[in-house]
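Student: Could we go through a structure together? I'd like to see how the labels get decided.

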Amino acid sequence: MAAMLENDLLQITVEDKGAELAHITYIKTGQELLWSADPAVWNRHAPLLFPYCGGLYNNQLVVNGVAYPAAKHGFARDTVFNCVRADAKTLVYRLEANDETRRLYPFSFVLEVAYTLQNNSVVQTVTVHNTAGPNGQMLPFNVGFHPGFVLPLTPGQKTEDYEVFFEEPESPIVIETPDGYVSGSTRKLFAGKQTISLTGSIFANDSICLSGLRSGHIFLREKQNPQRNIRLKTGAFPYVLLWGPPSGPLPFMCIEPWHGLPDGPDAHAEFADKPGITLLAPDEHFVTTLEMEFNL
């Protein structure tokens, strides 16, 4: 099932499966802003990544020496959430640990996903609760966002009419992830620049994983009309990935703020020992928010 939320500017639809944002519609024009999830290209709209981002070595999550099945990006995106609040201002979805989640991830948790609209912005807030109790174990996890935005924003334009724009001059470090794993190699993308021009081949080698960014916001914008843009608030995230189809013209592009990274290709460590993992104490909670502003 799906639930809808709207204000004077935007209308959104959220699916129970994955608590996934499925539609963002600009009401004035009826324009759809999220990718359609065409299975021939990419069958998602804006999946939530939990309890890890990317892939784990040998598709296994290891806890206390026991290996659990681990599909790419975690199980949350393919699990049905309960909609626990649906009113004129907010949609809230909840997933509680159960027998099926423990088959994949042997921890007690509650994962909540809340959506609100603030003028021309969609605000998605994810809260992770460690429900193990006062004598329980630490909860290891990562959270990532993966929204795919339709291109072009204006009919008749080409991929090359768009660019990624950083709020501050950047010298980002690209973490190389061939085959979806961290290779251990890095490179500097450029020094002191604010734009990445889009081409039909920009993702020929898969995603571009950026680290060390200073900007609080990243824009997907038209080159000739830069006030037409999508702005994401990304300053709280250590990594931002850019991704789309491997050859153009690009029908969509993802800007993905992540709190974690995939494994290396030969990682054997316990899941809790992964670099960059978040460890949450019993009865504590972790909150992260993605704000997406649509200036059209």
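This is a predicted model: local features need pLDDT of at least 70, side-chain atom pairs count only at pLDDT 80 or more; totals for chains, interfaces and linings use all residues.

Student: With the cysteines. Why is the count zero disulfides?

Tutor: A disulfide needs two cysteine sulfur atoms within 2.5 Å. The sulfur of C53 has its closest cysteine sulfur in C209, 9.8 Å away, so that's too far for a bond. Start from C209 and the closest one is in C53, again at 9.8 Å. That's how the count ends up at zero.

Student: And what makes C53 count as buried?

Tutor: Buried means under 20% relative accessible area. C53 comes out at 0%, so it counts as buried. C209 also has 0%, so the label is buried there too.

Student: Which residues have the most contacts inside the largest nonpolar core?

Tutor: That core has 73 residues, and L21, F50, Y105, L111, V122, V128 and L242 have the most contacts inside it. Its largest share, five residues, comes from strand β10, residues 109–118. There's also a second, separate core of nine residues, including C53 and L261.

Student: What does V128 touch?

Tutor: Leaving out residues up to four places away in sequence, its contacts include F50, L111, F141 and F286.

Student: How many cavities of 30 Å³ or more are there?

Tutor: One. The largest cavity holds about 30 Å³ of space.

Student: What lines the largest cavity, by class?

Tutor: Seven nonpolar, two polar and no charged residues. Among the lining residues are L21, Q124, H146 and M292.

Terms used. Residues are numbered from 1 along each chain as its sequence is written. Side-chain values use heavy atoms; hydrogens and water are left out. Buried means under 20% relative accessible area, exposed over 50%, partly exposed in between (1.4 Å probe, protein chains only). A nonpolar core is a set of buried Ala, Val, Leu, Ile, Met, Phe, Trp, Tyr and Cys residues joined through side-chain atoms within 4.5 Å. Helices (H or I, at least four residues) and strands (E, at least two) are DSSP runs, numbered from the N terminus. Contact means heavy atoms within 4.5 Å. On a 1 Å grid over the protein atoms alone, a cavity is a set of points where a 1.4 Å probe fits but cannot get out, and a pocket is an open set with protein on both sides within 12 Å along at least five of seven lines; lining residues have an atom within 4 Å of a point. Grid points are joined across faces, edges and corners, and a volume is the space filled by probe spheres set on the points. Ala, Val, Leu, Ile, Met, Phe, Trp, Tyr, Cys and Pro count as nonpolar, Asp, Glu, Lys and Arg as charged, and the others, Gly among them, as polar.
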